[in-house]
Amino acid sequence: MALIYSFSAQTGEVSGNLSYEISYKIVEVKNDLLHTGKGEYELSLEADSIHHYVRKAAHMTEYFLLAIAVAFPLFVYRIRGIWLVIVAGIVCVGFAGFDEYHQSFVANRGPSIKDVGIDSIGAFLGIMLVQFFCWSTLHNPDSPRKRKNKRRR
């Protein structure tokens with residue numbers, strides 16, 4: 001949460017430059033891997049074209065990781081199923097709303113309901129990953145606990 005809050009505290013210019021640098025690095029690596037031989041101007045145009053998507057993917061990734069950090073301990077403390085989705089979802093979506101409100105006080109930034117929706121998608125995917133991973137681990141027929149129960153029979 002502190003990391004997300006610190007990213008949100010960056011001015012619009014600083015945040016935009018950071019995500020543009022990442023966009024440029026992506027197209028630069030793609031250019032090197034595929035040997036397309038694009039020049040600096042072409043790379044900057046391509047970076048501009050993906051810049052918006054890189055920013056939104058960063059939003060989703062932040063909240064995906066937050067949801068894992070919130071949902072996993074809840075699962076361990078036996079909050080599972082729909083209750084895990086509800087509780088972890090409220091925490092993550094609530095923080096997304098708070099984060100957007102916080103951005104309204106930062107220069108060249110503003111709140112966006114659309115960003116809360118994008119954040120929520122990332123959070124939901126993280127919660128579902130925790131649900132699936134933990135469920136599959138507990139219900140693994142080859143787990144030591146299951147093998148122990150089979151030997152007792």
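Student: How many salt bridges does the structure hold?
Tutor: This is a predicted model, and it holds four salt bridges. One of them joins the side chains of Lys30 and Glu46, at 2.6 Å from N to O. Lys30 lies in helix α2 and Glu46 in helix α3, so the pair ties together parts that are 16 residues apart in sequence.

Student: What else is linked with Lys30 and Glu46 in a network?
Tutor: Lys38. Its side chain meets that of Glu46 in a salt bridge, also 2.6 Å from N to O.

Student: Is Glu46 buried or exposed?
Tutor: Glu46 counts as buried, because its relative accessibility is 14% and the cut-off is under 20%. Lys30 is partly exposed at 37%. Lys38 is partly exposed too, at 31%.

Student: Which side chain meets Asp115 in a salt bridge?
Tutor: That of Lys56, at 2.6 Å from N to O. Lys56 lies in helix α3 and Asp115 in helix α5, so the pair ties together parts that are 59 residues apart in sequence. Both residues are buried.

Student: Okay, α5 then. What do its buried residues pack against?
Tutor: They pack against α3 and α4. Among them are Val116, Ile127 and Cys134.

Student: How many residues does α5 have?
Tutor: α5 has 26 residues. It reaches 37 Å from its first C-alpha to its last, close to the 38 Å expected.

Student: New topic. Which residues make the nonpolar surface patch?
Tutor: Tyr5, Phe98, Tyr101 and Phe105, over about 470 Å². Phe105 sits in the loop between α4 and α5. Phe105 is exposed, with a relative accessible area of 58%.

How values were computed. Residues are numbered from 1 along each chain as its sequence is written. This is a predicted model: local features need pLDDT of at least 70, side-chain atom pairs count only at pLDDT 80 or more; totals for chains, interfaces and linings use all residues. Side-chain values use heavy atoms; hydrogens and water are left out. Patches are made of residues with over 30% relative accessible area and no salt bridge: like charges are joined within 9 Å, nonpolar side chains (Val, Leu, Ile, Met, Phe, Trp, Tyr) within 5 Å. Accessible areas come from the Shrake-Rupley method with a 1.4 Å probe; for residues, only the protein chains shown count as cover. Helices (H or I, at least four residues) and strands (E, at least two) are DSSP runs, numbered from the N terminus. Buried means under 20% relative accessible area, exposed over 50%, partly exposed in between (1.4 Å probe, protein chains only). The expected span of a helix is 1.5 Å times one less than its number of residues. Contact means heavy atoms within 4.5 Å.
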